[in-house]
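Please keep the sequence and the structure in view while reading.

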Amino acid sequence: MKIFRGFHHPGIASACALTIGNFDGVHRGHQAMLALLNSEAAHRGVESCVLTFEPHPRDYFAGAHHKPELAPARIGTLRDKLTELQRCGVQQTVVLPFDAKLAAQSPQAFIDEVLVRGLGARYVLVGDDFRFGRQRAGDYAMLDAAGQAQGFDVARMNSYEVHGLRVSSSAVRQALAQGDMEAAARLLGRPYTISGHVVHGRKLGRELGATQAGAGNGFRTLNLRFAHWKSAASGIFAVLVHGLADAPLPGVANLGVRPSLDPNDVNGGRVLLETHCLQWPAELGPEGAYGKIVRVELLHKLHDELKYDGLDALTAGIAKDCADARAYFASAQAPNHTETRRQTTRDRI
């Protein structure tokens, strides 16, 4: 998949079948839309293209109005969104910066400058609630009329439902906020996943519990930055880690702001996914994971983040979380690899 920031680049397709949206989570409704988009692109002999925005428009307006509470919790990072778009067969994605200029653009200017001249849209597929342009003044009827006048087809896709429930990013956010990872997986069509480069932290984990029976080299963690200040999920999870060994590694992870630690540490103020593998791959050594791209599947929520009174209490809490994660993976309800869990998810839908 080709990825462009903006559309003024050599190599961008001269014509495309296009869909527009934020695609946070790339859930099953998005996947159905992208399958239709790919079919229409192949029928017309043009590339399939997704136009998405960064930051999320609601993030922009929340900042502009100094009301951070209006920003939506983010399901996935840009990296994860692009990965899922590629897996869905999209040939080209254009990431358009959402800024004051774009927010002030009239609906007709958006059609003329972005869709027609910028992207060469021959077909535009939108959702049933699609709005665009300054003050969200543009709607499907306006887009359809413009298509007839300017030579591109326009189609609208109705909401996608599973067992009568409308699949939406809002529904995924709600499931994640409630810690219902199975419901989130049903909406996403896969386990909820966060990926990224392993970054350095305080290296406190390797010290915590290092002398405790069974702790080995302590609670060494893989640290991934969640590139948004407001994650849809938070808490302590049983997870599977991909990218360190031939098979996925079971682990326990903390997603959040780590209330028990000094906020001025190297990752202070950032949402971080800290994952402790229940069995560290010996071939990596103490430093071998840094810089690697890993993918962490959050399978089961153990509890919310807790604030511990001191490092001894934190160590004991982590040890209990490890024991609970081991119990989860040992249970009959916990598939021990990704394909089994995906099959389980499909069977429940």
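## Pairing around β11

In this predicted model, L240 stands opposite P250 in β12. The two strands, β11 (235-242) and β12 (249-256), run antiparallel and are joined by 7 bridges; strands count as paired if DSSP finds at least two bridges between them. Between β11 and β12 lie 6 residues, which complete a hairpin, and G243 in the turn has a positive phi of about 110 degrees.

β11 also pairs with β14 in the antiparallel sense, again over 7 bridges. Here H242 stands opposite R295 in β14. Of the 8 residues of β11, 8 are buried, where buried means under 20% relative accessible area, exposed over 50% and partly exposed in between (1.4 Å probe, protein chains only).

## Basis of the values

Residues are numbered from 1 along each chain as its sequence is written, and side-chain values use heavy atoms, with hydrogens and water left out. As the model is predicted, local features need pLDDT of at least 70 and side-chain atom pairs count only at pLDDT 80 or more, while totals for chains, interfaces and linings use all residues.

The chain has 10 helices and 14 strands, taken as DSSP runs numbered from the N terminus (helices H or I, at least four residues; strands E, at least two). Of its 349 residues, 51% count as buried.

## Nonpolar cores

In soluble globular proteins, nonpolar side chains tend to be buried together. A nonpolar core is here a set of buried Ala, Val, Leu, Ile, Met, Phe, Trp, Tyr and Cys residues joined through side-chain atoms within 4.5 Å. The largest such core has 36 residues, of which L176, Y192, V241, L244 and L298 touch the most other members. Elements supplying at least two residues each include α7, β9 (192-197), β11, β12 and β14 (293-303). The largest share, 5 residues, comes from α8.

Beyond its neighbours within four places in sequence, L176 is in contact (heavy atoms within 4.5 Å) with I75, M181, A184, Y192, A232 and A233. A second, separate core of 29 residues includes L51, L102, A121 and Y140.

## Helix α7

The buried residues of α7 are S169, A171, V172, R173, A175 and L176. Their cover includes α1, α2, β8 (165-166), α8 and β9. Just after α7, G179 takes a positive phi of about 75 degrees.

## Pocket and cavities

On a 1 Å grid over the protein atoms alone, a cavity is a set of points where a 1.4 Å probe fits but cannot get out; a pocket is an open set with protein on both sides within 12 Å along at least five of seven lines, and lining residues have an atom within 4 Å of a point. The largest pocket has a volume of about 1200 Å³, a volume being the space filled by probe spheres set on the points, which are joined across faces, edges and corners. Its lining comprises 39 residues, with G21, N22, D129, F130 and R136 nearest the centre. Two or more lining residues come from each of α1 (28-44), α2 (57-64), α4 (100-103) and α7 (169-177).

There are 3 cavities of 30 Å³ or more.
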